[in-house]
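Subject: The model we talked about

Hi,

Here is the structure I promised to pass on. Could you have it open while you go through my notes?

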Amino acid sequence: MKIEATENQISRLFKISERAIRENYKEAKISPGVYDLIQVIEMYVSKVKNVDVKDILLETEKEYKQSKVDLNKAKLKIIEGEYISMEEATEAVSTMLFNFKSKIMSLPKKIVVDLKKCETTAEKEKTIERHLKKAIGQLKGFLEMNGGEND
């Protein structure tokens, strides 16, 4: 038993133009403007499945090629010495933090001595700011010396 459908009905069902129906489903044509709906659906599903599989394969192949490129770039950077080991990074950060903590912990005594020389609140603020900027400057200098690019 055949279920008949017009080009217009199939067009609305699949949301494609009647012209696309005429071009893609000639084998299912019963008479002018009338098609075997079951055969059209089977052809449509078969076409969609093939397109999906091809698209997935193409996308997977593209991702694979990109991952090979990325891997080669990473290997090149390792060879060129742009990467350091986890142990080296941990040691550098630990040293930096220890030095910065020591600097910050010594600030109160230095600041108190300098504050005694100040007479106005503005002078006191500038003195504190100067000490803090100096400490931050040393941290920034350490980062720049060890390859950091950010403040």
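Below are my notes on salt bridges, the nonpolar core and the aromatic rings.

First, the ground rules. This is a predicted model, so to speak of local features a pLDDT of at least 70 is needed, side-chain atom pairs count only at pLDDT 80 or more, and totals for chains, interfaces and linings use all residues. Residues are numbered from 1 along each chain as its sequence is written, and side-chain values use heavy atoms, with hydrogens and water left out.

Salt bridges

How many salt bridges does the structure hold? There are 6, where a salt bridge is a side-chain nitrogen of Lys or Arg within 4 Å of a carboxyl oxygen of Asp or Glu.

One of them joins Glu23 to Arg19, with 3.1 Å between the closest N and O atoms. The two residues sit 4 apart in helix 2 (residues 18-24), so about one helical turn separates them. (Helices here are DSSP runs of H or I with at least four residues, and strands are runs of E with at least two, numbered from the N terminus.) Glu23 counts as partly exposed at 47% relative accessibility, while Arg19 is exposed at 55%. For those words, buried means under 20% relative accessible area, exposed means over 50%, and partly exposed is in between, using a 1.4 Å probe and protein chains only.

Glu129 is partly exposed, at 41%, and Lys133 is exposed, at 55%.

Asp114 lies in helix 4 (residues 86-116) and Arg130 in helix 5 (residues 121-145), so the pair ties together parts 16 residues apart in sequence. Is Asp114 buried or exposed? Asp114 is buried, at 17% relative accessibility, whereas Arg130 is partly exposed at 47%. Lys117 joins in as well: Asp114, Lys117 and Arg130 are linked in a network of salt bridges. Leaving out residues up to four places away in sequence, Asp114 touches Thr127, Arg130 and His131, contact meaning heavy atoms within 4.5 Å.

The nonpolar core

The largest nonpolar core has 9 residues: Ala5, Ile10, Phe14, Ile21, Tyr25, Ala28, Tyr35, Leu37 and Val40. Helix 1 (7-14) and helix 3 (37-79) each supply at least two residues of this core. By core I mean a set of buried Ala, Val, Leu, Ile, Met, Phe, Trp, Tyr and Cys residues joined through side-chain atoms within 4.5 Å. Beyond its neighbours within four places in sequence, Ala5 is in contact with Ile10, Gly33, Val34, Tyr35 and Leu37.

Aromatic rings

A search of the whole structure finds 2 aromatic pairs. The ring centres of Phe14 and Tyr44 are 4.1 Å apart and the planes are at 10°, so this pair is stacked. Phe14 lies in helix 1 and Tyr44 in helix 3, so the pair ties together parts 30 residues apart in sequence. Rings of Phe, Tyr and Trp (its six-membered ring) pair if their centres lie within 6.5 Å; planes under 30 degrees apart count as stacked, over 60 as edge-to-face, and the rest as tilted. Phe14 is buried at 14%, and Tyr44 is partly exposed at 28%. Together with Tyr25, Phe14 and Tyr44 form one aromatic cluster.

Cheers
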